[in-house]
Amino acid sequence: MRLPGLLPVLAALALALRCAAHKTPLRGLDPALAHHYTGRNDSFTCIDGAPTIPFVRVNDDYCDCPDGSDEPGTSACPVGRFHCRNRGHVAATIPAAFVDDGICDCCDGSDEIRGCPNKCIEHGKRVLAELRGRLKAYEVGLKLRGDHIGANQGRRGEWEREAADLEAKFVGQEKAVEAAKAKKAELEMLEHERREAEKAAADGPPGSGGEGELGESVVVEGGGKGAGGPGAGQGQGEGESGDGGSGEGGDAEDGAEEFVVGKEGDGGAEAGVEGEGDGKAGGLEGEIEEEEEDDDEEGEEDDGGDDGSGSGDESKGRNKPKKEKTEVQKAQEEVRKEEREMDRLSRELDEVKTKLDRDYGPENEFLYLAGNCYDAVENQYTYSICPFDKATQKEGSHSTNLGRHRGFEDDYRKLVFDKGQKCWQGPDRKMVLSLECGAEEKLVDVQEPSRCEYSARLQTSAACSNVELAAIKQQVAELEAQLEGHDPTEL
Amino acid sequence: MKMASSAPLLPSSPPSSPRRPWARRRTRPARSYPGDRATRRSGAQPRATDLGPPQPSAPPARQPRGRRAGRGPSTVMARSGPLIALSIVLLLAPPGVPGFKDHEFKKCRDAAFCKRNRGPQDGRDYTVLADSVVAGKRAVTALIRNKADGATFKLELSRLEGGLRVQVTEPDSPVDRFRVPDVLVADPPAWGRAWEPRLTATELSLAFEGTEIRLSFSPFRLIVEIGGAPAMRLNGRGLFHVERHRTRQDGDPEGWWEEKFKTHADSKPRGPQAISLDLEFSGFGHVYGIPEHATGLSLQPTVEGNETKEPYRLYNLDVFEYVHESPFGLYGSIPLMLAHRAGLTVGAFWMDASEMFVDVERVDGGTGTQWIAESGVLDLFLLLGPGPAQVVGQYAGLTGTTAMPQLFALGYHQCRWNYNDQADVAQVDAQFDVHGIPYDVLWLDIEHTDGKKYLTWDAKKFPDSVKMQENVASRGRRMVTIVDPHMKRDSGYSVHKEAERLGHYVKNKDGNDYDGWCWPGSSSYLDVLSPVVRDWWSTQFLVENYVGSTEHLYIWNDMNEPSVFNGPEITMHKDCLHHGNVEHRDVHNMYGYLYHMATTNGLIARGYKTKGRQGDRPFVLSRAFFAGTQRLGPVWTGDNTANWEQLRVSVPMLLSLGLTGLPYSGADVGGFFGNPDEELLTRWTQLGAFYPFFRQHAHIDTKRREIWLFGPEAVDRMRRAIQQRYSLMPYLYTLFRAANASGAPVMLPMWYEFPNDPNTFDLQEQFLFGPAVLVRPVMEPGVQSVAVYLPPGSVWYDPESGNKLQAPEGGGSIQLPVTMESIPYFYRGGYIVPKRERHRRSTMAMKNDPFTLLVALDGDVSAMGDLYLDDGSSFNFRDGAYLHKVYRFRGLELTSTDWEEGVASKYDTAVTIERIVVLGLPGDPASWRVTDSGSGAELAVNGGPVRLGGGLGGSAVVIRKPDLGVAKDWKLTFSQSPPV
């Protein structure tokens with residue numbers, strides 16, 4: 001034994017007695033609580049109210065108070081707290097567990113009766129320098145934030161105008177659709193009447209209605225391919241949407257290849273599931289589904305489905321001897337054209353509305369991050385985060401989706417992207433972005449603490465707050481006072 | 001830690017050999033994973049899903065192999081042929097693949113030696129040649145002959161302290177059969193007092209100390225009678241057999257000279273050499289032991305009438321996602337079985353390191369067992385008890401006792417595959433203090449190395465490993481790195497180059513260095529059967545040799561069965577050759593033990609070199625084990641899974657290890673594979689706080705599970721469980737001292753302490769943590785109560801309220817209501833438990849803390865306990881530098897005296913006892929007065945809580961701050977005013 005265990009006990013006891021007698025602070029006592037420790041009537045009542053003990057039992061290295069208040073300066077109480085004054089730095093309170101355990105926790109070393117070097121001035125200076133740096137960043141950041149909020153208003157205004165404009169167009173388009181439909185109905189009525197008349201002329205009896213239907217269907221097949229066409233075309237269209245994507249460069253090559261895998265796999269996976277009759281295949285299915293989703297997205301972006309149905313029509317048309325389109329057919333095409341336009345407007349409107357409805361923070365302060373992307377390089381990977389859109393990991397020409405915009409968490413201190421590409425054997429990828437005040441936007445510290453769950457910090461002026469600024473200012477003032485006012489002999 | 005198989009990617013350079021490795025390793029880019037697009041693009045390596053055995057001729061890119069954790073097939077393929085690869089996966093994937101690949105492991109019917117020896121067979125007709133019997137005072141020799149084929153063997157019986165050794169060898173064989181070295185602590189020629197031999201024409205009788213051994217000549221039988229009744233019978237059912245040495249003949253039966261399993265051939269140049277042991281435990285309805293199996297404590301029959309199930313298998317294997325309630329062999333083997341009935345416990349230890357199958361069958365009036373080993377000799381130790389502690393002690397007398405661990409090693413260990421880098425280590429370390437959770441050791445799994453070259457560091461992630469270790473050590477904590485026996489065959493790896501140059505590797509059947517596949521890819525395996533190789537390996541751990549290590553770093557040996565991803569049953573080929581031309585077949589089950597031994601010796605040497613006499617005790621965790629492993633360090637139950645079944649099965653698994661001499665053991669808290677939810681992790685931590693070895697660990701594919709990630713409520717619960725373990729640390733350390741001295745288990749089955757209560761013989765839902773603490777962990781989700789069985793006459797106390805639990809008349813169960821906070825455990829009346837109740841962040845931080853004595857009185861108002869204390873780290877305790885006090889409460893006096901009278905302690909300390917808590921005194925606690933008989937001073941007494949900080953008042957009699965020196969002898973006298 002280097003140091004007998006009794007030493008701290010005796011020292012604490014001596015200190016307690018001395019303190020009581022000389023009214024100097026008790027070891028480990030938070031000055032804010034000093035009024036509980038007057039020693040009046042030579043007794044002490046635990047801060048929570050009971051029990052009352054002789055004052056000599058304060059800091060006597062035995063726990064009498066369930067709230068730990070009789071032992072501010074020893075490790076005796078499980079819930080005790082020890083106050084370090086830390087002159088030259090900021091005061092701190094540590095768990096009683098850390099008192100006299102051989103490890104220096106307070107910068108002034110007061111938690112270890114056997115002694116620790118006082119490092120508070122050193123620490124204080126370092127922390128002060130850091131705080132001043134942060135203060136500067138906050139000041140710049142807050143100014144920028146104000147500017148951005150103004151600009152954000154303008155941007156919202158644009159979106160609002162865009163939305164109004166689209167809305168108006170949409171209403172107009174609704175009318176155009178109505179008109180086209182009306183025209184089509186009228187033509188169909190005429191056609192119907194014309195054929196009724198023809199039928200009546202050929203043979204009147206109602207018993208031959210069946211034959212008439214047959215005849216009609218022949219006509220419809222020729223003229224109304226629209227009924228069957230779009231369906232067939234759509235199937236094929238899905239098949240081609242990937243190809244459409246592949247022409248667009250970027251990760252198109254990958255898209256194409258995966259698309260093919262995905263499609264083939266899709267059928268296969270179903271077979272697999274049936275064959276196995278076992279949930280284990282779920283993972284596999286999931287993976288393929290995920291690829292399918294990606295393809296769907298691509299499909300939506302380039303309107304592959306619609307184009308596909310169009311091309312389906314055309315290709316079918318090409319296989320048959322060309323016929324003159326009837327008036328009814330032309331009217332039907334017109335209806336479809338106008339409806340497509342209406343759908344397009346509706347989607348655009350939805351997009352703008354989504355943008356408008358989205359939460360950009362209490363003051364829309366994060367809005368200006370929308371549309372921007374921030375990159376950070378870590379080993380062979382480049383991480384790119386586009387707030388309110390997506391997070392990606394790029395390696396060479398390949399890119400992995402780490403998640404789509406999900407929303408804020410933790411009182412606007414975190415921005416979450418989820419449902420990224422599924423991890424082999426793991427969860428969907430997810431990125432949690434911590435938002436920190438900074439003078440300029442900077443993505444730092446990208447990590448993967450858990451498999452396929454990523455974290456990073458984005459320094460942005462949008463995250464600067466006046467409240468925090470005030471807190472930092474206060475900290476700086478306190479530290480400055482501590483450092484200037486300290487008397488080295490006191491420490 | 002882990003098993004290979006979920007790993008899809010091949011190491012970066014695939015071998016050119018046509019024997020394609022199991023693609024089970026996950027060398028992956030830092031932030032992308034197998035199966036990811038990223039991996040598919042950049043890796044362009046095959047891997048795949050498990051389709052059974054490797055197909056040597058299949059083109060690698062199309063060859064789906066390897067496995068993924070528990071999810072069945074997955075889809076990763078080389079870029080060159082995604083469609084084809086995918087369709088192969090889909091077409092070939094076996095139906096309903098669980099994580100555990102049953103078909104990858106042999107059954108008895110797949111192992112020729114088991115198949116031809118299991119149950120009654122022709123050709124077994126053994127007699128003792130009466131005129132060959134030579135009966136000495138402590139040893140007997142005789143010849144036994146198999147009349148069926150004329151083969152003659154030598155039988156030797158020798159007297160042991162508390163036991164009998166039975167050896168059968170083949171004297172005429174030109175080839176020496178392998179005899180297990182390095183397991184017995186000393187070769188015991190003959191111990192104990194002599195016996196009285198009585199020889200007749202038909203039998204030899206040997207009597208000693210209430211035991212009679214009768215050797216019947218025709219047929220050959222050996223019967224052990226204890227107290228006048230038969231206890232053990234060898235060859236009672238005529239299943240005994242030794243396959244004699246022979247030379248190859250045309251027309252020899254299949255399986256004698258070659259056998260195949262899956263695609264692996266075993267050349268078997270030495271032919272059949274199996275041994276079948278027929279051992280009946282007469283009058284015993286319960287047998288235990290022969291770990292390691294994920295089964296119940298009491299071994300269930302494998303043969304019932306005409307119905308046969310798989311026998312228990314002892315063959316050290318790296319089993320991926322093992323399942324509970326299965327007799328297949330796991331990572332370690334201890335061929336020791338205990339049999340118990342009210343009034344008598346006996347044991348049988350067959351020292352053989354080859355593959356073994358054991359059948360258990362209920363027979364008339366007892367339990368019949370058949371043990372079939374593939375090779376070696378019959379070297380059987382019958383342990384005669386008569387109680388469980390004696391059997392365990394007799395076994396420890398043969399194979400050694402538990403190594404005394406350092407104090408820190410009994411703390412909480414935090415592990416994960418993997419803590420990513422130095423910043424991650426610093427962060428995890430700091431969070432423990434932020435949340436006030438005590439812990440002692442932080443672990444690094446395989447990803448810390450440079451390309452799975454053990455004893456190296458990944459310089460990018462761990463640029464300054466020394467500083468990292470020193471930082472962790474600055475708060476009294478330690479670190480552990482993993483070091484596995486497979487050595488990367490990489491010309492840039494100096495340790496490998498030297499091992500290769502020195503010829504230190506196991507050879508294949510053709511005499512070349514064996515080349516297997518493991519984490520680093522192509523690997524060779526140290527031939528640790530050779531003492532020279534072991535010594536060489538030990539030197540690698542000196543701080544100057546293990547670059548980037550410090551004296552605060554300890555070691556973890558994983559994969560030492562050994563695991564060989566492309567070997568038969570994921571292990572080494574049996575026809576590989578070791579030092580002295582020994583086949584791997586002969587030594588398989590002790591390979592991991594010998595490797596563990598070499599590593600452990602390395603750490604001892606390191607400590608001695610840096611600190612001389614103050615050098616510290618080693619700490620090396622091993623996954624594989626054998627008889628004798630207890631002398632080295634702890635083991636754990638390998639790669640378990642995060643589910644309730646595996647939580648439950650951990651209890652009988654650890655109890656079995658304790659009974660077979662290896663008490664320092666634990667299971668991965670939380671379950672290695674899969675993600676435990678908050679409830680499961682909380683319950684597992686509450687249970688793990690009573691494991692002898694307490695470590696949380698997780699697979700790389702799982703979510704982070706450090707305690708603070710589960711929210712404040714869960715943190716409070718798990719912190720409390722861990723703090724409670726730390727508060728019991730003086731008691732636990734004392735239990736380990738008992739294990740070190742006598743081989744006693746730390747975690748005890750109920751029957752060990754209540755051997756006459758048949759209700760306890762099957763109990764595995766509750767256990768004892770040392771003799772003084774009963775634990776009934778909550779092991780089911782969502783329960784409101786649990787049942788705990790209390791044996792007749794026993795008294796227990798609630799550790800929070802101090803309330804007494806009295807066993808129902810004749811013993812019985814009581815229902816305990818539980819909440820998520822509950823950790824149902826009880827102090828046993830009659831015991832004194834030393835504690836340290838101050839909350840600290842590590843064991844080191846507790847070193848100068850005062851003690852609390854918890855006195856739990858029995859019905860006779862008496863109790864007893866002890867406290868062992870030393871420097872917690874060095875070997876000086878072997879020279880007497882320890883304190884061992886015994887506390888007795890009897891006749892209203894509590895005394896502290898030396899455990900061994902007249903042995904002056906060479907360890908002194910000024911640490912005091914700050915509280916004495918007495919449970920079970922009648923009347924109002926405040927009515928008790930206590931006087932220190934030495935000084936005559938009256939001590940402060942009040943009614944208080946059982947636990948420090950347990951609130952105001954309470955039913956316990958608490959002596960406040962007696963400030964009695966823990967090193968001192970003292971006596972306190974209790975009286976009551978007014979007297980009752």
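The side chains of R177(B) and E170(B) form a salt bridge at 3.3 Å, N to O (a side-chain nitrogen of Lys or Arg within 4 Å of a carboxyl oxygen of Asp or Glu).

Keep in mind that this is a predicted model, where local features need pLDDT of at least 70, side-chain atom pairs count only at pLDDT 80 or more, and totals for chains, interfaces and linings use all residues. Residues are numbered from 1 along each chain as its sequence is written, chains are lettered from A and ligands numbered from 1 in the order in which they are written, and side-chain values use heavy atoms, leaving out hydrogens and water.

Over all chains, the whole structure holds 98 salt bridges. In chain B, E569(B) meets R313(B) at 2.7 Å, N to O. These two belong to one network of salt bridges with shared partners, which also includes D266(B) and R585(B).

Over in chain A, R27(A) and D100(A) pair up at 2.9 Å, N to O. R27(A) is buried at 9%, and D100(A) is buried at 14%.

## A pair of strands

Which way do β6 and β7 of chain A pair? They run antiparallel, over 5 bridges (strands are DSSP runs of E, at least two residues, numbered from the N terminus, and two strands pair if DSSP finds at least two bridges between them). T382(A) has K394(A), in β7(A), as its bridge partner.

Definitions and conventions: Helices (H or I, at least four residues) and strands (E, at least two) are DSSP runs, numbered from the N terminus. Buried means under 20% relative accessible area, exposed over 50%, partly exposed in between (1.4 Å probe, protein chains only).
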